[in-house]
Amino acid sequence: MSAPARPESIAKLEKLVASLVARGVVSEADLAEAQARTDRASPEIGAHMVARAWLDPEWRRMMLANGTEAAERMGVSMAGAPPLGVLEDKPGLHHLVVCTLCSCYPRAVLGYPPSWYKSFEYRSRAVRDPRGVLVEWGTALAPGTQVRVVDSTADYRWMVLPMRPAGTKGWSEDQLAALVTRDVLVGVALPQVPVALAAE
Amino acid sequence: MTASRYSVGDAVQVRDDWPEFRGPAHIRTPHYLRGKPGRIARVLGSFANPEDLAFARPAPKRVLYHVLFERPPLWAEGEPGDDILVEIFEHWLEPAPTERKAA
């Protein structure tokens, strides 16, 4: 999947595009717009959704009830995109997202999936031995935390809403969002407060 | 939304269904779940049936559920209370066989 495209594949793709354009199914402009939309999407969008949820209970309720609407309110066009679901971590409950069938990923709010997310190793081990995967990631859950693996296999896409870490009292949305990495939004990592920044 | 057959909390099991049993089919239930028991966690809505989409047939909408599976008996790894939450279409589920109560 990560191998460079072969020239014959590229030639085939160009033929297909030319044929679709000739039939009026898509235009070059449509394709450019779709490409630009995909390139604009990044984990920063998901991170700001999370930071806002930590600051604003009303936003949090709306986002948990309707992730698609939350994404729209962040300025993401969700028309034609799969609906977005948000998984709420709580004391004693941690979510980890995987797609064992293929590589479903909430691209609208997280951008391109990393190659490890699409690898056979992650897809098979995350569902069978999530705790082993978390240990290898260096992610230590509080003792007694239940692990819920979310196997994303159909029409929804899922992102994790982690718990706000201690030591972030009074932080702004931007400061909080900086703690929420792509890996946190998939559930393989937890938000980490740099020691030097931790308030009481 | 299409009326749903199951409600939150219902005990179900994933059909032990394979193309080898009934000819070409696109069954998007992970293999590790087939024939396994779970519980309806949430009704997610109605979506075009992937079995039809895969063969470019007209695809009527089917109800999609979030189904919760306890980790054992699926996998030995993990700790008590760990579970797996998976999206499964209604026609790939069946009611769980009646549980036999201990006397």
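1. Two residues are in contact if their C-beta atoms, placed from the backbone, lie within 7 Å. On that criterion, among contacts in chain A between residues at least 6 apart in sequence, 73% join residues at least 24 apart.

2. The structure is a predicted model, in which local features need a pLDDT of at least 70 and side-chain atom pairs count only at pLDDT 80 or more, whereas totals for chains, interfaces and linings use all residues. Residues are numbered from 1 along each chain as its sequence is written, while chains are lettered from A and ligands numbered from 1 in the order in which they are written.

3. As to confidence, the predictor assigns the complex an ipTM of 0.92 and a pTM of 0.90. Chain B has an average pLDDT (the predictor's confidence in each residue, from 0 to 100) of 92, and 94% of its residues score at least 70. Within chain B, the mean is lowest in helix H3 (residues 71-74), at 88, and highest in strand E4, at 98.

4. Chain A contains 11 helices and 4 strands; helices (H or I, at least four residues) and strands (E, at least two) are DSSP runs, numbered from the N terminus. The C-alpha trace of chain A spans about 60 × 35 × 30 Å along its principal axes. Of the 200 residues in chain A, 34% are buried. A residue is buried if 20 or more other C-beta atoms lie within 10 Å of its own, exposed if 12 or fewer, and partly exposed in between, with C-beta atoms placed from the backbone.

5. Chain A is divided into domain 1 (7-38) and domain 2 (42-197), the bounds coming from an automatic or database domain assignment. The centres of these two domains, taken over C-alpha atoms, are separated by 32 Å.

6. At the interface, 16 residues of chain B are in contact with 17 residues of chain A. On the chain B side, the elements that give two or more residues are strand E2 (37-48) and strand E4 (83-89). E4(B) supplies the largest share, 6 residues. By class, this side of chain B has 9 nonpolar, 2 polar and 5 charged residues. Here Ala, Val, Leu, Ile, Met, Phe, Trp, Tyr, Cys and Pro count as nonpolar, Asp, Glu, Lys and Arg as charged, and the others, Gly among them, as polar.

7. An open sheet of 7 strands, with mixed pairing, has the order E2(A)-E3(A)-E4(B)-E3(B)-E2(B)-E1(B)-E5(B); two strands pair if DSSP finds at least two bridges between them. Its edge strands, each pairing on one side only, are E2 (93-98) of chain A and E5 (93-95) of chain B. Neighbouring strands of the sheet are turned by 35 degrees against each other on average, direction ignored.

8. Strand E3 (residues 146-151) of chain A is joined to E4(B) by 4 bridges, and the two run parallel. Arg148(A) stands opposite Asp83(B) in E4(B), and Asp151(A) has Val86(B) in E4(B) as its bridge partner.

9. Tyr65(B) is found in strand E3 (residues 61-70) of chain B. Tyr65(B) counts as buried because it has 28 C-beta neighbours inside 10 Å. Leaving aside neighbours within four places in sequence, Tyr65(B) has contacts that include Tyr6(B), Ile40(B), Val43(B), Ile88(B) and Glu90(B). Tyr65(B) and Ser46(B) are 19 residues apart in sequence and 9.0 Å apart in space, C-alpha to C-alpha.

Key:
Axes fitted to C-alpha atoms, helices over the stretch in contact; angles between N-to-C directions.
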